[in-house]
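Biologist: Hi! Could you walk me through this model while I have it open?
Modeller: Happy to, let me put it on the screen.

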Amino acid sequence: MSAGSDDRRRHERVGMEGFLKQLDLAVHRASAYWSAATPATLLVVLISTRFGGMFSLAPSNISAFWPANAVLFASAFLMPVKQRAVVLLLALPTFVLAELWIGYPGLNALIYGLANVAEVSVLLWLMRRAG
């Protein structure tokens with residue numbers, strides 16, 4: 001083999017190692033960003049659930065305006081797939097806490113929280129399937 005082909009292989013190896021280091025750094029930065037975005041998302045979901053609860057219509061308690069699911073969906077849609085699962089799992093107790101804050105009984109709060117998380121999960125699945 002010639003010295004030129006050895007140099008080329010070494011250059012390709014160093015280029016690949018450099019690329020992998022840059023990729024690792026980018027993934028680490030994105031992970032740190034989404035780790036910080038998760039609590040902010042959940043706080044906005046909590047507050048927007050309370051706000052949406054003000055628009056509930058008696059006797060069905062269905063809200064005419066519900067921004068919490070839109071906030072959760074938009075945030076989860078922009079997140080990496082692994083982070084989505086974490087946010088959706090943490091959204092359930094957030095919804096339950098917010099529903100209790102609105103004044104619903106515990107079982108109702110749990111059912112509404114499950115419905116909210118299921119709604120966002122189905123929409124994320126449909127969007128992913130649609131490409």
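Modeller: One definition to start: the expected span of a helix is 1.5 Å times one less than its number of residues. Helices here (H or I, at least four residues) and strands (E, at least two) are DSSP runs, numbered from the N terminus. This is a predicted model, where local features need pLDDT of at least 70 and side-chain atom pairs count only at pLDDT 80 or more, while totals for chains, interfaces and linings use all residues. Residues are numbered from 1 along each chain as its sequence is written, and side-chain values use heavy atoms, with hydrogens and water left out.

Biologist: Thanks! How many residues does H4 have, and how far does it reach?
Modeller: H4 has 25 residues and reaches 36 Å from its first C-alpha to its last, close to the 36 Å expected at 1.5 Å a residue.

Biologist: What about H2, how far does that one reach?
Modeller: H2, residues 67-78, has 12 residues and reaches 17 Å between its first and last C-alpha, close to the expected 16 Å.

Biologist: Let me zoom out. How many helices and strands does the protein have?
Modeller: There are 4 helices and 2 strands, and along the sequence they follow the pattern α-β-β-α-α-α.

Biologist: And what share of the protein is buried?
Modeller: Buried residues make up 29% of the 131 residues. Buried means under 20% relative accessible area, exposed over 50%, and partly exposed in between, with a 1.4 Å probe and protein chains only.

Biologist: Which residues of H4 are buried?
Modeller: In H4 the buried ones are Ala109, Gly113, Asn116, Val117, Val120 and Leu124.

Biologist: What do they pack against?
Modeller: The buried residues of H4 pack against H2 and helix H3, which is 81-102. As background, an α-helix has 3.6 residues a turn, so residues three or four places apart point the same way.

Biologist: Nice. At what angle do H2 and H4 pack?
Modeller: About 40°, with their axes 10 Å apart. Axes are lines fitted to C-alpha atoms, for helices over the stretch in contact, and angles run from 0 to 180 degrees between N-to-C directions. H2 and H4 are therefore oblique to each other; angles under 35 degrees count as roughly parallel, over 145 as roughly antiparallel, 65 to 115 as roughly perpendicular and the rest as oblique.

Biologist: Which residues make the contact?
Modeller: On the H2 side, Asn69, Leu72, Phe73, Ala76 and Phe77; on the H4 side, Asn116, Glu119, Val120, Leu123, Leu124 and Met127. Contact means heavy atoms within 4.5 Å.

Biologist: And how do H2 and H3 cross?
Modeller: Their axes come within 10 Å and cross at roughly 160°. That makes H2 roughly antiparallel to H3.

Biologist: Which residues meet there?
Modeller: Ala68, Asn69, Leu72, Ala76 and Phe77 in H2 meet Arg84, Val87, Leu88, Ala91 and Phe95 in H3.

Biologist: Changing topic: where is tyrosine 112, and is it buried, exposed or partly exposed?
Modeller: Tyrosine 112 lies in helix H4. Because its relative accessibility is 26%, tyrosine 112 counts as partly exposed.

Biologist: What does tyrosine 112 contact, leaving aside its neighbours within four places in sequence?
Modeller: With those neighbours left out, tyrosine 112 is in contact with Asn61, Glu99 and Tyr104. Tyrosine 112 and phenylalanine 95 are also 7.7 Å apart, C-alpha to C-alpha, and 17 residues apart in sequence.

Biologist: Last one: what happens just after H4?
Modeller: Glycine 131 takes a positive phi of about 90° there.
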